[in-house]
2 protein chains.
Amino acid sequence: MTELERLGERLKAASRILSSETTARKNAALSAAADEIGAREAAILAANGEDVAAARSGGMKESLVDRLALNHDRIAGMIAGIGAVVELPDPVWRSSAAWTLENGLAVSKMTVPLGVIGIVYESRPNVTVDAFALALKSGNCIMLRGSSNALRSNRALVAAIRAGLEKSPIPADVVGFVDSEDRSLVTEMLGLRRYLDLIIPRGGRSLIESVVRDATVPTLETGTGNCHIFVDASADQEKALAIVENAKLQRPGTCNACETVLVHSRIAAEFLPKLQARIGSRCELRGCERTRAIIQAREAVEEDWETEYLDYILAIKVVDSLDEAIDHIARYGTMHTESILTEDYSNAQRFIRSVDAAAVYVNASTRFTDGGEYGFGAEMGISTQKLHARGPVGLAELVTVKYVGYGSGQIRD
Amino acid sequence: MTELERLGERLKAASRILSSETTARKNAALSAAADEIGAREAAILAANGEDVAAARSGGMKESLVDRLALNHDRIAGMIAGIGAVVELPDPVWRSSAAWTLENGLAVSKMTVPLGVIGIVYESRPNVTVDAFALALKSGNCIMLRGSSNALRSNRALVAAIRAGLEKSPIPADVVGFVDSEDRSLVTEMLGLRRYLDLIIPRGGRSLIESVVRDATVPTLETGTGNCHIFVDASADQEKALAIVENAKLQRPGTCNACETVLVHSRIAAEFLPKLQARIGSRCELRGCERTRAIIQAREAVEEDWETEYLDYILAIKVVDSLDEAIDHIARYGTMHTESILTEDYSNAQRFIRSVDAAAVYVNASTRFTDGGEYGFGAEMGISTQKLHARGPVGLAELVTVKYVGYGSGQIRD
């Protein structure tokens with residue numbers, strides 16, 4: 001038995017206990033963990049400082065360092081996030097439907113925990129805390145496998161969480177931490193079907209591809225966002241400038257940031273110079289041939305349309321129609337978030353219906369696809385798959401169902 | 001491009017049209033297909049007669065021939081099944097939640113079709129019709145891959161469906177039929193990620209194992225039911241006899257039939273002879289050592305506890321406690337349907353909470369886990385996985401969601 005299998009076995013055993021814990025006891029455990037994170041802030045920040053220093057000296061892009069770095073406010077945000085999860089309704093043992101068959105068999109469709117959830121994630125240490133809180137509240141144990149870049153930060157956070165749980169009614173073994181930089185452990189996790197009921201990969205294309213190829217554990221793919229904004233001919237250009245600026249620059253390292261802007265050819269000559277004036281000094285522009293006939297920009301090649309930059313880079317393409325925009329998105333999008341800026345009613349409706357993505361907006365920034373913004377509290381990520389959950393993955397998505405039938409001797413005719 | 005890829009491409013193209021068809025037009029298409037199945041009954045029965053004759057001469061078990069064979073009543077049942085789907089509410093573009101953010105962005109969570117669904121299924125030809133009807137009503141195209149044993153029956157049914165669609169507002173290309181006995185095409189389907197949004201394997205353990213290993217298309221595993229009944233010490237024994245008889249013998253070839261009965265040791269000496277008298281002449285009994293000390297039965301070996309017989313065979317084990325029954329089910333069950341027969345309130349509650357399965361019953365036959373019995377209309381199968389759908393897969397399970405945000409220039413703070 002490998003070390004990972006032993007961890008899986010411990011989590012599976014703990015999940016049998018956790019699945020029938022009461023809401024009050026789970027909330028008490030969450031609060032105890034939050035208190036301990038607060039009490040250990042200095043140690044957590046020190047560990048994070050080492051991670052950040054190592055990342056910078058390793059040449060990590062600043063937009064990614066921003067995802068890794070913690071400070072007092074971000075730790076306060078984590079603690080507030082746990083508090084928000086405490087306040088959310090327990091998603092377990094709720095009935096979405098109940099009815100009685102003609103023969104008297106009373107059937108209820110009840111929510112139950114999944115069991116043990118594995119999560120493989122990138123640099124952001126707040127994911128450690130969010131994932132723990134959401135899993136515990138939904139009655140699931142969690143196996144955490146963060147990025148090597150955040151190993152010290154995550155180790156300090158998990159130590160705080162487990163110390164908090166030791167003071168609570170819930171055993172610390174509901175949380176498992178893969179404390180290793182060995183990447184082969186990710187592949188091993190993907191095959192841990194005996195112990196894991198779900199794996200949530202959060203990360204870039206190569207992680208997702210490895211998951212599609214190798215995983216035998218059911219998965220929930222999250223986090224790949226090659227998001228577009230289509231600026232239609234009828235768009236309010238002042239609003240469009242503010243929206244593109246926000247979607248690209250407010251936090252470029254996030255999956256709901258905009259990577260490519262598609263501009264209708266009828267307004268390109270007017271809009272593109274304004275866009276360059278607005279964001280060109282803070283952001284590298286890469287344009288198609290028609291874009292570069294209007295503004296100075298680096299040449300965008302095929303790879304640019306496919307790339308989730310997660311950086312201060314924006315690709316720009318001039319298109320001749322709504323249909324061309326929809327086709328471009330169908331070809332290059334990752335079914336995360338797509339937005340149309342338009343004052344044309346029919347174009348808005350057609351975009352909403354025809355674009356296949358977790359979230360589709362009219363006249364709004366792509367940055368809104370987020371469990372916090374939607375009011376779901378913390379999230380496990382943004383699902384870009386169609387099965388089980390699509391969009392922000394919150395508490396309601398971390399359960400399965402069980403049909404319960406109360407009978408009195410019923411047999412089938 | 002292979003023939004299967006060409007079929008996938010045609011279905012994907014058709015799905016873009018089908019996904020925004022109106023309910024009225026989809027219902028008209030369903031009714032046209034039902035009419036044509038009725039008009040072609042003689043041809044369908046002739047084709048099925050050839051399949052049945054070939055199956056019998058190939059030595060197929062009678063319980064499986066029963067799944068394959070059609071007659072007038074079963075064709076009438078298929079037509080009625082389509083009619084029932086016509087009557088069901090359209091599951092597409094319904095909102096499960098809608099709210100407005102503080103900044104005015106109005107968000108709705110809307111249901112949308114998955115796209116193209118593939119189904120790989122065993123001998124029952126009625127699955128062809130149920131799958132077509134559920135897919136069309138939910139706005140999805142379908143790629144049908146039935147058993148070689150039912151090839152002639154399915155070919156005749158699909159011909160009728162397509163001929164019906166030709167007379168309707170919906171193109172016949174929403175239905176694709178893999179008209180081949182070549183088993184390698186199933187493996188190819190499992191990797192057809194570019195064209196298929198979901199594959200539903202219906203069948204035995206070897207199909208499911210191949211799906212877990214090879215599929216890159218998301219899957220919904222259905223149809224493996226190693227179901228148990230636990231006869232507790234306090235059970236009403238007359239009801240228990242009727243329930244076990246029903247669960248084992250009413251239609252042994254179905255996935256919700258009972259395969260193993262667990263009997264509490266305190267009543268075994270009394271109950272087992274009654275059970276043998278009730279069903280022993282119609283059903284082979286295979287018992288553990290303690291069972292065989294009470295009644296005559298063939299020896300049950302490890303393999304018996306693991307086997308979904310789908311036949312006139314019942315395994316019997318004497319257990320000393322509810323916990324032993326729960327442990328046996330956790331070890332050998334397939335998370336389909338499990339039933340406890342008891343008059344003890346606490347044991348009933350503990351069984352319901354502790355047994356991890358799609359459906360758990362108290363004092364009722366396992367045969368009730370069925371979309372028709374539950375009132376969902378036809379079903380795609382019974383999901384035994386935890387993600388996306390668990391239990392009967394009806395219309396409501398054949399959609400995904402899209403968050404739609406109507407804005408007026410919102411940007412994120």
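Colleague: Which strands does helix 1 of chain B lie across?
Modeller: Helix 1 (residues 3-18) of chain B lies across strand 3, strand 4 and strand 5 of chain B. The helix runs at about 150° to strand 4 of chain B. Keep in mind that this is a predicted model.

Colleague: And what does helix 7 of chain B touch?
Modeller: Helix 7 (residues 151-166) of chain B packs on the sheet and touches strand 4 and strand 5 of chain B. Its direction makes about 155° with that of strand 5 of chain B.

Colleague: In what order do the strands of the chain B sheet come?
Modeller: The order is 5-4-3-6, in an open sheet of 4 strands with parallel pairing. Strand 5 (175-177) and strand 6 (198-201) of chain B are at the edges with a single partner strand each, so one side of each has no neighbour in the sheet. On average, neighbouring strands are turned by 20° against each other, direction ignored.

Colleague: How many bridges join strand 3 and strand 4 of chain B?
Modeller: The two strands, residues 116-120 and residues 141-145 of chain B, pair over 5 bridges. In one of these, B:Gly118 has B:Met143 as its partner.

Colleague: Switching to chain A: which residues of helix 5 are buried?
Modeller: In helix 5 of chain A, A:Ile75, A:Met78, A:Gly81, A:Ile82 and A:Val85 are buried. Viewed down the helix axis they fall within an arc of 105°, so they line one face of the helix.

Colleague: What covers the buried residues of helix 5 of chain A?
Modeller: The cover includes helix 2 (23-39), helix 3 (41-57) and helix 6 (126-137) of chain A. On the other side of helix 5 of chain A, A:His72, A:Asp73, A:Ala80 and A:Glu87 are exposed.

Technical notes:
Residues are numbered from 1 along each chain as its sequence is written. Chains are lettered from A and ligands numbered from 1 in the order in which they are written. This is a predicted model: local features need pLDDT of at least 70, side-chain atom pairs count only at pLDDT 80 or more; totals for chains, interfaces and linings use all residues. A residue is buried if 20 or more other C-beta atoms lie within 10 Å of its own, exposed if 12 or fewer, and partly exposed in between; C-beta atoms are placed from the backbone. The arc is that of the directions from the helix axis to the C-beta atoms. Two residues are in contact if their C-beta atoms, placed from the backbone, lie within 7 Å. Two strands pair if DSSP finds at least two bridges between them. Axes are lines fitted to C-alpha atoms, for helices over the stretch in contact, and angles run from 0 to 180 degrees between N-to-C directions.
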